[in-house]
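Let's take a walk through this protein together. Have a look at the fold, then read on.

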Amino acid sequence: MNIILLGPPGAGKGTQARRLVEERGMVQLSTGDMLREARTSGTEMGQKVAAVMDAGQLVTDEIVIGLIEEKIREGNAAGYIFDGFPRTLGQADALNELLSRNGAQLEAVIEMRVDDSALVARISGRFTCGSCGEVYHDDTKPTKVAGVCDACGSTDLKRRADDNEESLKTRLMEYYKKTSPLIGYYYARGDLRSVNGLQDVEKVASDIAAALA
């Protein structure tokens, strides 16, 4: 099963992707993670990524598609979760072509809907473990021991510099401008499934499981 998780920054895509990885044996293909991994891999594609990033340029869609195709051709997963890609209609078309030529297809697109004002409150209190990626919140999910990750015991807890109201509004505007057309695109294809991303983590996971049934 191959799925896309769609939603604005802070909608909880990463949290739900990790659950799908643990519970279903799927592989999360996060654009940022793949670029960082490729940059230090020493492969031909990795050298391209390093050259572009070192020059301060934006990585092209062609490179990202190439990285995704490398992962899919490994063929050792129960399915893939596309997180952070596609972001545009052009990328969506490119992903469809990639899956088709590798004998695969997209089964569902999960849209995690959120209210912007509630999202600001969620984001501004968010912090993550730099070691294992576990996500916490000052109010709704604090660590059991202050400054220590519940999952791995690391003390490397971080907050994103742009996890504040002003930055979030800018990021939301960018998301709606570029990514919102994908909602209509996948609805027209019959792939779209919507869940309320502001519910508690367990309820969101349950709704996603029902959408994928």
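Residues 126–162 have their end C-alpha atoms 11 Å apart, and this span is 0% helix and 24% strand. Helices here are DSSP runs of H or I with at least four residues, strands are E runs of at least two, and both are numbered from the N terminus. UniProt lists the stretch as "domain: Adenylate kinase active site lid", in an unreviewed entry; such annotations may be inferred rather than shown by experiment.

A quick word on ground rules: this is a predicted model, where local features need pLDDT of at least 70 and side-chain atom pairs count only at pLDDT 80 or more, while totals for chains, interfaces and linings use all residues. Residues are numbered from 1 along each chain as its sequence is written, and side-chain values use heavy atoms, leaving out hydrogens and water.

Now hop over to two helices, α2 and α4, which pack at an angle of about 85° with their axes 10 Å apart. The axes are lines fitted to C-alpha atoms over the stretch in contact, with angles running from 0 to 180 degrees between N-to-C directions. So α2 is roughly perpendicular to α4, a label for angles of 65 to 115 degrees. Thr31, Met34, Leu35, Glu37 and Ala38 of α2 meet Val64, Leu67, Ile68 and Lys71 of α4, where contact means heavy atoms within 4.5 Å.

Which helices each supply at least two residues of the lining of the second largest pocket? They are α2 (31–39), α3 (44–54) and α4 (61–74), and α4 gives the most, with four residues. A pocket is an open set of points on a 1 Å grid over the protein atoms alone, where a 1.4 Å probe fits, with protein on both sides within 12 Å along at least five of seven lines; lining residues have an atom within 4 Å of a point.

Technical notes
Angles under 35 degrees count as roughly parallel, over 145 as roughly antiparallel, 65 to 115 as roughly perpendicular and the rest as oblique.
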